[in-house]
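Here is a short briefing for a first look. Keep the sequence and the 3D view open as you read.

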Amino acid sequence: MTQTKLEIIGPYTPEHEGPFCTRDGRAARVLCSDMQNDYSIVAIVTDEDGKETVSTFLSGGRFSATGHDRDRDLMNAREVPVAREFWVNEFKRGDGHIGVSHAHDTEFQAINERHERANWNWTRTIHVREVLPGEGE
(Lines give C-alpha, C1' and ligand atoms only; values in the text may rest on other atoms or scores of the structure.)
Protein backbone atom coordinates (compact mmCIF):
# COMPACT_ATOMS: atom_id res chain seq x y z
CA MET A 1 0.00 0.00 0.00
CA THR A 2 1.34 3.40 -1.01
CA GLN A 3 1.97 5.87 1.79
CA THR A 4 0.71 9.45 1.58
CA LYS A 5 1.65 12.83 2.97
CA LEU A 6 -0.24 16.10 3.17
CA GLU A 7 0.55 18.89 0.73
CA ILE A 8 -0.72 22.42 1.39
CA ILE A 9 -2.95 23.68 -1.41
CA GLY A 10 -3.94 27.02 0.12
CA PRO A 11 -5.27 28.82 3.17
CA TYR A 12 -8.17 27.36 5.14
CA THR A 13 -11.61 27.75 3.59
CA PRO A 14 -14.80 26.37 5.14
CA GLU A 15 -15.86 24.95 1.75
CA HIS A 16 -12.87 22.59 1.63
CA GLU A 17 -13.92 19.13 2.80
CA GLY A 18 -10.42 18.20 3.95
CA PRO A 19 -7.86 17.08 4.63
CA PHE A 20 -6.31 19.94 6.59
CA CYS A 21 -2.91 20.60 8.10
CA THR A 22 -1.07 23.41 9.83
CA ARG A 23 1.23 25.75 7.91
CA ASP A 24 4.20 23.74 9.26
CA GLY A 25 2.70 20.47 7.93
CA ARG A 26 1.09 18.82 10.96
CA ALA A 27 -2.13 16.94 10.19
CA ALA A 28 -5.30 18.58 11.53
CA ARG A 29 -8.77 17.09 11.93
CA VAL A 30 -11.48 19.77 12.12
CA LEU A 31 -14.11 18.85 14.70
CA CYS A 32 -16.36 21.88 14.30
CA SER A 33 -16.27 25.28 12.65
CA ASP A 34 -19.32 27.00 14.09
CA MET A 35 -18.58 27.80 17.72
CA GLN A 36 -20.19 31.07 18.79
CA ASN A 37 -17.01 33.03 19.61
CA ASP A 38 -14.00 34.53 17.81
CA TYR A 39 -12.17 31.19 17.80
CA SER A 40 -14.94 29.29 16.02
CA ILE A 41 -12.90 26.36 14.66
CA VAL A 42 -11.87 23.44 16.88
CA ALA A 43 -9.40 20.88 15.51
CA ILE A 44 -7.16 18.08 16.69
CA VAL A 45 -3.59 18.67 15.54
CA THR A 46 -1.19 15.72 15.36
CA ASP A 47 2.56 16.28 15.71
CA GLU A 48 5.31 14.19 14.08
CA ASP A 49 5.39 11.85 17.10
CA GLY A 50 1.65 11.14 16.85
CA LYS A 51 0.74 13.25 19.90
CA GLU A 52 -2.65 14.93 19.50
CA THR A 53 -3.52 18.40 20.79
CA VAL A 54 -6.84 20.24 20.65
CA SER A 55 -6.46 23.71 19.13
CA THR A 56 -8.82 26.54 18.31
CA PHE A 57 -8.63 28.82 15.28
CA LEU A 58 -10.24 32.02 14.06
CA SER A 59 -12.93 31.62 11.38
CA GLY A 60 -10.34 32.15 8.62
CA GLY A 61 -8.05 29.44 10.00
CA ARG A 62 -5.56 31.73 11.74
CA PHE A 63 -4.14 30.47 15.04
CA SER A 64 -3.59 34.00 16.33
CA ALA A 65 -5.38 37.31 15.87
CA THR A 66 -2.09 39.17 15.21
CA GLY A 67 -2.64 39.01 11.44
CA HIS A 68 0.80 37.50 10.86
CA ASP A 69 1.35 34.06 9.34
CA ARG A 70 2.03 31.48 12.05
CA ASP A 71 3.30 27.88 11.78
CA ARG A 72 0.10 26.79 13.54
CA ASP A 73 -2.32 28.41 11.07
CA LEU A 74 -4.86 26.00 9.57
CA MET A 75 -4.42 25.23 5.85
CA ASN A 76 -6.29 23.29 3.17
CA ALA A 77 -4.36 20.22 2.07
CA ARG A 78 -4.50 17.21 -0.19
CA GLU A 79 -2.99 13.77 0.12
CA VAL A 80 -0.12 13.01 -2.24
CA PRO A 81 1.54 9.61 -2.63
CA VAL A 82 5.02 9.06 -1.21
CA ALA A 83 7.17 6.26 -2.54
CA ARG A 84 8.17 3.69 0.07
CA GLU A 85 11.90 3.12 0.36
CA PHE A 86 13.71 0.43 2.34
CA TRP A 87 16.63 -2.01 2.32
CA VAL A 88 16.63 -5.82 2.56
CA ASN A 89 19.43 -8.33 2.78
CA GLU A 90 19.50 -11.27 0.40
CA PHE A 91 20.92 -14.58 1.58
CA LYS A 92 21.30 -18.13 0.32
CA ARG A 93 19.45 -20.75 2.37
CA GLY A 94 20.87 -24.13 3.21
CA ASP A 95 18.68 -25.74 0.55
CA GLY A 96 20.12 -23.39 -2.12
CA HIS A 97 17.07 -21.15 -2.40
CA ILE A 98 17.37 -17.38 -2.04
CA GLY A 99 15.68 -15.56 0.85
CA VAL A 100 15.46 -11.97 2.04
CA SER A 101 15.52 -10.45 5.50
CA HIS A 102 12.85 -8.13 6.86
CA ALA A 103 12.75 -4.54 5.58
CA HIS A 104 15.08 -1.96 7.14
CA ASP A 105 14.42 1.79 7.18
CA THR A 106 18.08 2.65 6.47
CA GLU A 107 20.97 1.06 4.63
CA PHE A 108 22.99 1.28 7.83
CA GLN A 109 20.45 -0.92 9.67
CA ALA A 110 20.58 -3.50 6.87
CA ILE A 111 24.38 -3.61 6.91
CA ASN A 112 24.37 -3.82 10.69
CA GLU A 113 22.15 -6.93 10.46
CA ARG A 114 24.74 -8.57 8.22
CA HIS A 115 27.43 -7.97 10.87
CA GLU A 116 25.21 -9.13 13.75
CA ARG A 117 24.39 -12.39 11.96
CA ALA A 118 27.77 -13.01 10.35
CA ASN A 119 27.17 -16.79 10.10
CA TRP A 120 24.33 -16.31 7.55
CA ASN A 121 25.21 -16.76 3.90
CA TRP A 122 24.60 -13.14 2.86
CA THR A 123 24.83 -12.34 -0.84
CA ARG A 124 23.93 -8.63 -1.08
CA THR A 125 21.95 -5.69 0.31
CA ILE A 126 19.13 -4.51 -1.96
CA HIS A 127 17.75 -0.98 -2.03
CA VAL A 128 13.99 -1.04 -2.78
CA ARG A 129 12.07 2.08 -3.89
CA GLU A 130 8.43 1.96 -4.91
CA VAL A 131 7.68 3.38 -8.36
CA LEU A 132 4.56 5.54 -8.25
CA PRO A 133 2.08 5.77 -11.13
CA GLY A 134 3.39 8.20 -13.74
CA GLU A 135 7.03 7.90 -12.70
CA GLY A 136 9.61 6.61 -15.15
CA GLU A 137 7.37 6.82 -18.18
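Predicted model: local features only at pLDDT ≥ 70, side-chain atom pairs only at ≥ 80, totals over all residues.

An open sheet holds 3 strands in the order 8-7-9, with antiparallel pairing. Phe91, Trp120 and Trp122 make up one aromatic cluster.

**The sheet**
- Strand 8 (98-100) and strand 9 (122-129) are the edge strands. Each has a single partner strand, so one side of each lacks a neighbour in the sheet.
- On average, neighbouring strands of this sheet are turned by 30 degrees against each other, direction ignored.
- Strand 7 (residues 85-92) pairs with strand 9 in the antiparallel sense, over 7 bridges.
- Glu85 stands opposite Arg129 in strand 9.

**The helix on the sheet**
- Helix 1 (residues 107-116) packs on the sheet and touches strand 7 and strand 9.
- The direction of helix 1 makes about 165 degrees with that of strand 9.

**The aromatic rings**
- The count of aromatic pairs comes to 5.
- Phe91 and Trp120 form an edge-to-face pair, because their ring planes stand at 65 degrees, with centres 5.0 Å apart.
- Phe91 lies in strand 7, and Trp120 lies in the loop between helix 1 and strand 9. The pair therefore ties together parts that are 29 residues apart in sequence.
- Trp120 and Trp122 are stacked, because their ring planes stand at 20 degrees, with centres 5.1 Å apart.

**Burial of the cluster**
- Phe91 counts as buried, at 12% relative accessibility.
- Trp122 is buried, with a relative accessible area of 12%.
- Trp120 counts as partly exposed, at 37% relative accessibility.

Definitions and conventions: Residues numbered from 1 in each chain as written. Heavy atoms only, no water. Pairing = 2+ DSSP bridges. Helix = DSSP H or I, 4+ residues; strand = E, 2+ residues; numbered from the N terminus. Axes fitted to C-alpha atoms, helices over the stretch in contact; angles between N-to-C directions. Contact = heavy atoms within 4.5 Å. Phe/Tyr/Trp six-rings, centres within 6.5 Å; stacked < 30°, edge-to-face > 60°. Buried < 20%, exposed > 50% of the residue type's maximum accessible area, 1.4 Å probe, protein only.
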